[in-house]
Amino acid sequence: FILLLPMAEGETKSYYSGDAINYKGDIYIGSTNMGGAEIFKFDGKRIIKTSHFRSPISQYGGGDDYYNIVLNEEGGRLYAYLVDGRWFYKYDVTNPSSPVLAGKEKDNSRDWFVGLEKYDNKIMTIGTKGVKIWNTDLQVIDAHKFNNKHYYNIQFSRSGDHIFQLDGKILKIINAGTREVAKEIDLLVREEHRRQIFSDDTERMFYIVDDQELLKFDYSGKLVKEFKHISHLGYDTAGVENGKQNGDLR
């Protein structure tokens, strides 16, 4: 997402990645863009920063700060998952002004966690040695090995049955159960960077934007619709999963 927050003396800060969740009627937003983790609350009128905290190892100069954050509601409580490379953390942020560390894990294979995704109440860490699927008790329940220099360009469909891996100019659609590549799609890519996909399990479609068009495919990889945009670069798509809304170009 993209979030613009007014700061002191007329300055504005741009938050270009993170996560948001509707929890008990309020919107909570988490971001790691500005160093450490920040939690915001939108009460319907304004966005308020409720907390800011840093990775334990970065506080003492021993490593990097948080790379990414995912928010998840579990048993009526709100949790934030974070990674700082070596460690995978879980914080209870039910009281967002006082985050409490609920657990942390590292991988014995020396994986380096650089990203996070969420699907079907499971958390996915993206690292230098592939993708790991964790349950809410911070236990690995599945893993996928991928060779992709842009580790963050690996995403799951919302139900978790399909994997979308963008490697250079090739988008691969992978069956998560069999690990087989179902389809390879050539995209027009002038510049390699994170390129967020929006998948709609209700409609069984996904949207991706290359550096020429916004593209809509079904899960088999068949092109359904295309729309040329006016920019020479494309980045992310976002939308509402209901089988009717089109992807929004960002």
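Colleague: What should I know before I start?

Modeller: This is a predicted model; local features need pLDDT of at least 70, side-chain atom pairs count only at pLDDT 80 or more, and totals for chains, interfaces and linings use all residues. Residues are numbered from 1 along each chain as its sequence is written, and side-chain values use heavy atoms, with hydrogens and water left out.

Colleague: What is the mean pLDDT of the chain?

Modeller: pLDDT is the predictor's confidence in each residue, from 0 to 100. Here the chain has a mean of 84, and 86% of its residues reach 70 or more.

Colleague: Where does pLDDT stay under 50?

Modeller: Residues 6-12 are one such stretch, with seven contacts beyond four places in sequence. Residues 243-247 are also under 50, with eleven such contacts. A contact means heavy atoms within 4.5 Å. Where pLDDT is low, the predicted coordinates should not be read in detail.

Colleague: How many bridges join strand 3 and strand 4?

Modeller: Two strands pair if DSSP finds at least two bridges between them. Strand 3 and strand 4 have five, in the antiparallel sense. Asp19 has Gly30 of strand 4 as its bridge partner. The two strands form a hairpin with two residues between them, and Lys24 in the turn has a positive phi of about 55 degrees.

Colleague: What does strand 4 do on its other pairing, with strand 5?

Modeller: Strand 4 and strand 5 are antiparallel too, over five bridges. Ile29 has Phe40 of strand 5 as its bridge partner. This hairpin has five residues between the strands, and Gly35 takes a positive phi near 90 degrees.

Colleague: Is strand 4 mostly covered or mostly open?

Modeller: Buried means under 20% relative accessible area, exposed over 50%, partly exposed in between (1.4 Å probe, protein chains only). In strand 4 (residues 26-31), five of the six residues are buried. Over the 250 residues of the chain, 47% count as buried.

Colleague: Which residues touch the most other members of the largest nonpolar core?

Modeller: In soluble globular proteins, nonpolar side chains tend to be buried together. A nonpolar core is a set of buried Ala, Val, Leu, Ile, Met, Phe, Trp, Tyr and Cys residues joined through side-chain atoms within 4.5 Å. The largest one here has 16 residues, and those with the most contacts to other members are Tyr28, Phe53, Tyr66, Leu71, Ala80, Leu82 and Tyr91. Strands 3, 5, 7, 8 and 9 each give two or more residues to this core. A second, separate core of 13 residues includes Leu166, Leu171, Val189 and Tyr219.

Colleague: Why does Asn153 count as buried?

Modeller: Asn153 counts as buried because its relative accessibility is 5%. This residue lies in the loop between strand 14 (140-144) and strand 15 (154-156). A polar contact is a pair of N or O atoms within 3.5 Å; within protein, one must be able to donate a hydrogen and the other to accept it, and residues adjacent in sequence count only if both atoms are side-chain atoms. The side chain of Asn153 makes one with the backbone nitrogen of Arg195, at 2.9 Å.

Colleague: What does the side chain of Thr237 reach?

Modeller: The side chain of Thr237 reaches the backbone oxygen of Tyr207 at 3.1 Å. A polar atom of that side chain also lies 3.0 Å from the backbone nitrogen of Phe198. Thr237 is in strand 23 (residues 237-238), and at 4% relative accessibility Thr237 is buried.

Terms used:
Helices (H or I, at least four residues) and strands (E, at least two) are DSSP runs, numbered from the N terminus.
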